[in-house]
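This report walks through a protein structure for a reader who has not seen it before. Please keep the sequence and the structure in view while reading.

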Amino acid sequence: MANNTSKKRRYNKRKRYKANKRQREQRRLEQLHRTVLENIPDDITLLFPQARDIHRKFVLHVGDTNSGKTYDSIEACIGAASGIYLAPLRLLALEMQEKMLDRGVKCSMITGEEENLIEGATHMACTVEMLDTTKPYDIAVIDEAQMIEDEFRGWAWTKAILGVNAPIVHICMSENALGIVTRLIKSCHDEFVVERHVRDTPLVVERKTFDFPDNVKDNDALIVFSRNNVLYVASELKKVGIDASVIYGALPYDVRKNELEKFATGKTKVVVSTDAIGMGMNLPVKRIVFLEDEKFDGKTRRPLNGPEVKQIAGRAGRRGIFNKGYMNALVGKRALAKALREEYVPIKKARIQMPERLLDLDMSLIETLSTWQNVTNEELFEKTDIDVIMKKCIKMEKLNKLSDKKSLTKKEMWQFALIPFDEGNASLFALWEHLVSLYLDETDIFIDFDFQFSYGNKLQDLETDYKKLDLYFSFARQIGLRGEVREIIAKEKQEVALKIIEKLYDVSDQKKKCKRCGKELSWNYKFGLCNRCNQERKLYGREYYRTPRRKNPRKQ
């Protein structure tokens, strides 16, 4: 009896201890939550004091693709004493810098992966994430503001609208962004006018059926939604005597520029592209043809939505070149045509990132991020997705504990976490981790520079090498290395770009083949095995499927 009583006491003691521990942890989390809330102003606009010190006038350019929104804004920017253009893509930032330089305007350029600083520059072209809200300009242009709802990048457009330090701001957007943008401007107590733009060239959905590749015409843009399919389609066009330019997100700027120039100058008559073509690229496209009607958005494979169809299809009928633009599709034409006619659904909330002032709080960066993520979204704002940033910060916390020389400050960790690269690429993530480790060990980050690259013959390896060079440059800039470093990396990037261009010319290598027997397959064949190999796999089992096909097993 006494023994049972003793066990019961120990059990109750452990139970009370666990309950008290949970309560202490809950009180700690509540205190962290209160601390974070106390350091976030009720008025988010106060996070940008330089912009609040001036009265700004916004000119809101609203309209569909190819309606002249960006053109009018850039003309106003070029005519100002100083100005900044905020681009959705680095390709557009570089394109705009070249345009301004051609017009005699000294313009610098900064993106996450590159920079070209011109001495005495009065203008700046940069990706929207690179905006410095403390630097004043006479005029600013914010392009593609409908991106404000993007769960990963939308915060940069919110920051630009609330914080850009210019008395005149031009914002280009589609109809669905007008409501949220005007609400943000009103919250800043600034004024705005709306200028609506209408396409100069009508967009017509063709009634006739499209057959690939028989019905491909000059000045067509063929749209697919993966890098591999771009290359497969270009390869099939090559077989029937049609040379095509190719555009997809992984292509380096130099290569993409080369491909665009070939199409613009008529060296190639057709362009095969992903939806990258929808973001402000001015090309002599007469007809957009969707070869696919679904895309993988990073989470699931889904049908294209209305804004996506409008953005891409709107590239047809380049103003000043064609009187009409046309749209057709290999599959799902009825649904795509319906999406093209759909009314825009207004964007309800703007994405916002964790305010950097929270880095000064007396808590770890992981705790700060976790607490920020648990803060309730406001009526106007929704927090951006920080899962990737959290993953990087957890990794840096572990590296900090292993280092016996120095520790990363919270600000350094935050800056390293924001370095842009494809985190889903294991090779790139490993390189980023390696660079952080070298920095912690106070070792030259270029100590094993040459060993990080394959410089192989495969196109995908060359593209990864180029991305590694981008990552080296971004990291070097964060830790204050410039000058010769930039020249070394620029030279290496040029060499890799030339190899990529050489591989793209030989698109015959980029064929879809059966994974087992190597038989050539159609670009849109849905399986990795040809029909024969698939039947044999079912008949003879997986072990047979895994061996190269040599003889018919029925004759053995």
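## The chain as a whole

The model is predicted. Its protein chain holds 18 helices and 18 strands. Along the principal axes, the C-alpha atoms fill a box of roughly 85 × 80 × 50 Å. A compact globule of 556 residues would have a radius of gyration near 24 Å, and the chain has 27 Å, which agrees.

Buried residues make up 50% of the 556 residues. Among the contacts with a separation of 6 or more, 72% are between residues 24 or more positions apart.

In general, strands of a sheet pair through backbone hydrogen bonds, either parallel or antiparallel.

Inside this sheet, β10 (residues 220–223) and β13 (residues 287–290) run parallel and are joined by four bridges. One place to look is D220, whose bridge partner in β13 is R287.

Helix α10 (residues 333–341) has K333, L336, A337, A339 and L340 as buried residues. Seen down the helix axis, these buried residues fall within an arc of 160°, so they line one face of α10. They pack against β9, β13, α9 and β16. The face turned away from the buried side carries the exposed residues R334, A335, K338 and R341. As background, an α-helix has 3.6 residues a turn, so residues three or four places apart point the same way.

## A covered strand

Strand β2 (residues 83–87) is mostly covered, with five of its five residues buried. G83, Y85 and A87 point one way from β2, while I84 and L86 point the other way.

β2 runs parallel to β5 (residues 123–127), and five bridges join the two. In this pairing, Y85 stands opposite A125. β2 also runs parallel to β6, with four bridges between them. There, G83 stands opposite I139.

Helix α12 (residues 387–402) has 16 residues, which at 1.5 Å a residue should span 22 Å; its end C-alpha atoms are 23 Å apart, which agrees. Its buried residues are I389, M390, K392, C393, M396, L399 and N400. These residues pack against α11 (365–373), α13 (410–417) and α14 (426–440).

L462 is found in helix α15 (residues 459–478). With a relative accessible area of 1%, L462 is buried. L462 and K503 are 41 residues apart in sequence, and their C-alpha atoms are 9.4 Å apart in space.

## Backbone exceptions

Most residues other than glycine have a negative phi, and most peptide bonds are trans. A cis peptide bond joins F212 and P213, with omega about 0°. P213 sits in the loop between β9 and β10.

E144 is not a glycine, yet its phi is positive, about 55°. This residue lies in the loop between β6 (139–142) and α5 (154–163). H189 is another residue other than glycine with a positive phi, near 60°. The place of H189 is the loop between α6 (178–187) and β8 (191–197).

Are E144 and H189 buried or exposed? E144 is buried, because its relative accessible area is 8%, and the cut-off for buried is under 20%. H189 counts as exposed, because its relative accessibility is 64%, and the cut-off for exposed is over 50%.

How values were computed:
Residues are numbered from 1 along each chain as its sequence is written. This is a predicted model: local features need pLDDT of at least 70, side-chain atom pairs count only at pLDDT 80 or more; totals for chains, interfaces and linings use all residues. Side-chain values use heavy atoms; hydrogens and water are left out. Two strands pair if DSSP finds at least two bridges between them. Buried means under 20% relative accessible area, exposed over 50%, partly exposed in between (1.4 Å probe, protein chains only). The expected span of a helix is 1.5 Å times one less than its number of residues. Contact means heavy atoms within 4.5 Å. The arc is that of the directions from the helix axis to the C-beta atoms. The radius of gyration is taken over C-alpha atoms; the globule rule is 2.2 Å times the number of residues to the power 0.38.
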